[in-house]
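Reader: I am new to reading structures. Could we go through one together, feature by feature?

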Amino acid sequence: MGARDTVIEEHAARLQACMYQYSRAIYRSIRDLIDPYVAPELHLEYRRAVLEQCEQTMERLARDPLYFAKPDRALFQDIRRYFPITAQAEVAWAVREGVAAAVTFIEEQIEAGALDGGVARCRATTRKGKPCQRTPLPDRDYCPSHQHLEASTKVAA
Ligand SMILES: [Zn+2]
């Protein structure tokens, strides 16, 4: 149990480091658009908040890549208040581009099977014939939606 946890942790740390690069890239692309007409100390606070939201979005994406719907829209909703109306379209575009790059990276990792080495996956096959990507229940081989399969294999064996 302990060794497997360590593998998962190491893998997560590597992925986190990659995602950190993406969150910095998004932040760099929009930080100069942050509302310039607020008091300096508030401006600093805005920048910190925007950076934090970028990081949180990337962290969540790394943890739950297949079940985080519309991460670009989620991030934009969280940070749009820190930007003037005139910059909203540009911020939305930059966020969309930056998050898309991160999502592509994660999808490549999944396709290459890089995530299978560390992260445990449900052993079921989906209706489309692809392996289920969800996380199994603790100490089980199947995720919550496929847990009924566990009982049937045991009966068959
Ligand atoms: Zn499953």
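Reader: Which protein donors does the zinc ion have?

Author: Two notes before that. This is a predicted model, in which local features need pLDDT of at least 70, side-chain atom pairs count only at pLDDT 80 or more, and totals for chains, interfaces and linings use all residues. Residues are numbered from 1 along each chain as its sequence is written, and side-chain values use heavy atoms, with hydrogens and water left out. Now, donors are N, O and S atoms within 2.8 Å of the metal (3.2 Å for Na, K and Ca); water is not among the atoms, so sites may look incomplete. Here the zinc ion has Cys 122 (SG), Cys 132 (SG), Cys 143 (SG) and His 146 (ND1), at 1.9 to 2.4 Å. Along the chain these donors follow the spacing C-x9-C-x10-C-x2-H.

Reader: What is the geometry of the zinc site?

Author: Ideal angles at a metal are 109.5 degrees for four tetrahedral donors. Four donors count as tetrahedral if all angles lie between 85 and 135 degrees. At this zinc ion the angles among the four donor atoms are 104 to 113 degrees, and the site is tetrahedral.

Reader: Is Cys 122 buried or exposed?

Author: Buried means under 20% relative accessible area, exposed over 50%, and partly exposed in between (1.4 Å probe, protein chains only). Cys 122 has 4% relative accessibility and counts as buried. Cys 132 is buried too, with a relative accessible area of 4%.

Reader: How many salt bridges are there?

Author: A salt bridge is a side-chain nitrogen of Lys or Arg within 4 Å of a carboxyl oxygen of Asp or Glu. By this rule there is one salt bridge. It joins the side chains of Asp 141 and Arg 123, 2.9 Å from N to O. The two residues are 18 apart, and each is in the loop between α4 and α5. Asp 141 is partly exposed at 31%, whereas Arg 123 is exposed at 55%.

Reader: At what angle do α2 and α4 pack?

Author: Two packed helices are described by the angle between their axes and the distance between the axes. Helices (H or I, at least four residues) are DSSP runs, numbered from the N terminus. Helix α2 (residues 40–63) packs with α4 at about 20 degrees, with the axes 11 Å apart. Angles under 35 degrees count as roughly parallel and over 145 as roughly antiparallel, so α2 is roughly parallel to α4.

Reader: How do α2 and α3 cross?

Author: Their axes come within 10 Å and cross at roughly 155 degrees, so α2 and α3 are roughly antiparallel to each other.

How values were computed:
Four donors count as tetrahedral if all angles lie between 85 and 135 degrees; four count as square planar and six as octahedral if opposite donors are over 155 degrees apart and all others between 65 and 115; anything else is irregular. Axes are lines fitted to C-alpha atoms, for helices over the stretch in contact, and angles run from 0 to 180 degrees between N-to-C directions. Angles under 35 degrees count as roughly parallel, over 145 as roughly antiparallel, 65 to 115 as roughly perpendicular and the rest as oblique.
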